[in-house]
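Reader: I have a structure open and want to go through its surface. Can you take me through it?

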Amino acid sequence: MVRKVQSKLVREEIMAKKRIAVIGAGVCGLGAIKCCLDEDLEPTCFERNDDIGGLWKFQKNTAEKLPSIYRSLTINTSKEMMCYSDFPIPDHFPNYMHNSKVMEYFWMYARHFDLLKYIRFKSKVQSVRKRPDFSSSGQWDVVVETDEKQESFVFDGILVCSGHHTDPNFPLESFPGIEKFKGYYFHSREYKSPEEFLGKRIIVIGIGNSGADIAVELSRGAKQVFLSTRHGSWILHRVWDNGYPMDSSFFTRFNTLLWKILSSSIVNSHLEKTLNSRFNHAHYGLQPQHRFLSQHPTVSDDLPNHIISGKVLVKPNIKEFTETGVIFEDDTEEENIDVVIFATGYKISFPFLEDLIRVTNNEVSLYKLMFPPDLEQPTLAVIGLIQPLGIVLPIAELQSRWATRVFKGLNKLPSMKNMMTDITQRKTAMEKRYVKSPRHTIQVDHIEYMDEIATQVGVKPNLLWLFLWDPKLAWKVFFGPCTPYQYRLQGPRKWDGARRAILTQMERILKPMKTRSVNTEKNPCSELSWVKMAPIGFVALASILSYYRYIYHPKRK
Ligand SMILES: *[C@@H]1O[C@H](CO)[C@@H](O)[C@H](O)[C@H]1NC(C)=O
């Protein structure tokens with residue numbers, strides 16, 4: 001009898017779904033919930049805020065340590081590149097979405113896959129600790145605070161989706177004299193909109209994406225904006241060649257292959273030449289010491305326009321503050337400064353994980369930037385802790401696909417020693433390539449890293465096979481934008497709509513701009529048709545020439 005009960009219990013335990021805690025309901029968390037459901041795991045998502053979207057939820061006042069954006073923020077990645085891999089963004093949505101549109105898309109995703117019922121809002125995770133029997137069970141004790149009441153849970157796995165834009169980097173100690181400065185100064189996370197800064201003299205410190213955006217926005221109504229940067233930066237623009245979105249032109253398998261074959265100095269020269277042909281970075285005071293691929297670039301279409309019209313003046317790093325202004329490192333001085341905004345970025349931190357993941361100098365030791373290598377059981381993964389030359393959302397989704405399969409036991413991680421070797425190799429490669437800075441500790445290249453994770457999951461598209469069986473699709477996969485659908489063509493959890501989504505992606509890129517019909521009927525003599533005719537003409541010319549050669553030099557035959 002006892003044995004019967006026991007075996008029933010065992011069976012129930014096997015049958016019971018594994019329970020997974022997803023921490024955060026932002027970009028990464030939503031994808032993680034969906035991946036848990038796909039793998040038949042039981043997710044519970046804890047979200048501190050009262051809405052989904054994480055970073056993308058605009059709020060006028062944001063509590064300490066919650067991510068925060070400004071009212072005008074428009075995303076810097078385009079819709080076909082940044083969507084969930086089995087849920088294309090509607091064709092009429094603009095390519096670069098305002099934050100409210102990004103939220104609309106997240107809501108559509110959450111509703112479509114019925115994710116909301118797994119989310120507990122206003123719930124803050126206080127701590128995540130190993131259970132006493134962790135080495136055999138792999139289970140976690142999780143303490144969550146909801147409405148000032150603490151609750152404890154036991155989970156079989158943890159997906160950390162809390163992001164890395166919560167803890168502001170506000171290095172006042174590196175700015176001597178700041179204590180005597182009488183103006184108003186704050187971190188960019190507190191910046192919301194430009195109204196209260198009309199007519200002011202403002203310094204923005206930092207030329208990351210927020211710094212460039214805020215400087216541009218303020219300069220429209222300010223008396224003068226100064227943009228102070230230590231290193232300078234290469235500036236990419238959203239609107240790329242022929243008006244296509246930058247990322248969809250940039251991130252193709254063809255380019256990746258080309259860049260691999262060519263030396264990085266050739267690639268750098270080519271890219272720098274392209275960027276300088278729009279505006280010379282040296283003339284504009286922006287040229288960095290370092291090559292294009294050695295520093296995270298900034299995306300700003302407007303910055304050069306505002307520099308050439310004198311609304312934004314580019315300055316070096318600040319040496320010290322005075323009571324009313326600043327002295328820059330080139331000893332130039334600006335008086336009567338009203339406002340200083342520190343667009344100095346964020347620090348990586350996981351307060352609730354205590355000693356599980358240690359962060360030193362903004363560096364973390366995680367296998368493939370996801371798994372702590374020293375856990376006895378692989379039941380915790382960090383999602384989206386990456387700074388891609390690329391797009392976070394699809395990378396994070398793919399990470400969740402892998403992590404959920406590891407939790408389930410379908411994929412195995414290597415031994416601790418091999419994981420450590422891999423981590424060291426990644427760190428060395430990053431140090432070799434990038435300017436040493438806390439900003440460059442979690443860099444990845446979009447397609448390379450996606451393929452690396454996809455190989456683990458078994459969903460990396462097989463190009464050779466595609467070229468043999470579906471050349472039309474293969475062509476788009478290789479030469480076209482590397483859209484997330486590519487990772488749903490084959491392998492576990494493939495999506496039937498993936499092929500169609502790839503074949504129609506160009507239509508979705510163009511659709512939102514078709515708001516005025518333009519007659520594009522081709523003139524038979526247009527330049528384009530000449531280009532197309534060229535190879536045929538060449539062949540014809542060659543045949544005529546060889547024919548005449550044959551006629552006039554019959555002996556040679
Ligand atoms: C977009 O901006 C974010 C925030 O600054 C940055 O981390 C990301 O790399 C940018 N994306 C691109 C494609 O540059």
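Author: A term to begin with: buried means under 20% relative accessible area, exposed over 50%, and partly exposed in between, with a 1.4 Å probe and protein chains only. This is a predicted model, in which local features need pLDDT of at least 70, side-chain atom pairs count only at pLDDT 80 or more, and totals for chains, interfaces and linings use all residues. Residues are numbered from 1 along each chain as its sequence is written, and side-chain values use heavy atoms, with hydrogens and water left out.

Reader: Is Trp475 buried or exposed?

Author: Trp475 counts as exposed because its relative accessibility is 52%. Trp475 lies in helix H15.

Reader: Which residues make the nonpolar surface patch?

Author: Phe254, Leu257, Leu258, Ile261, Leu262, Ile266, Phe467, Trp475 and Phe479 make a patch of about 820 Å².

Reader: Which helix gives the most to that nonpolar patch?

Author: H8 does, with four residues. Helix H8 (253-261) and helix H15 (471-479) each supply at least two. Helices here are DSSP runs of H or I, at least four residues, and strands are runs of E, at least two.

Reader: Changing topic. What is the volume of the second largest pocket?

Author: About 430 Å³. Of the 14 residues that line that pocket, Arg426, Ala429, Arg433, Asp445 and Glu448 are the closest to its centre. A lining residue has an atom within 4 Å of a point on a 1 Å grid, and a pocket is an open set of such points with protein on both sides within 12 Å along at least five of seven lines.

Reader: How do the lining residues divide?

Author: Five are nonpolar, two polar and seven charged. H12 gives the largest share of the lining, six residues.

Notes:
Patch = residues over 30% accessible without salt bridge, like charges linked within 9 Å, V, L, I, M, F, W, Y side chains within 5 Å. Areas by Shrake-Rupley, 256 points an atom, 1.4 Å probe, with all protein chains shown as cover. Salt bridge = Lys/Arg side-chain N within 4 Å of Asp/Glu carboxyl O. 1 Å grid on protein atoms, 1.4 Å probe; cavity = no way out; pocket = protein on both sides within 12 Å on 5 of 7 lines; lining within 4 Å. Points joined across faces, edges and corners; volume = space filled by probe spheres on them. Nonpolar A, V, L, I, M, F, W, Y, C, P; charged D, E, K, R; others polar.
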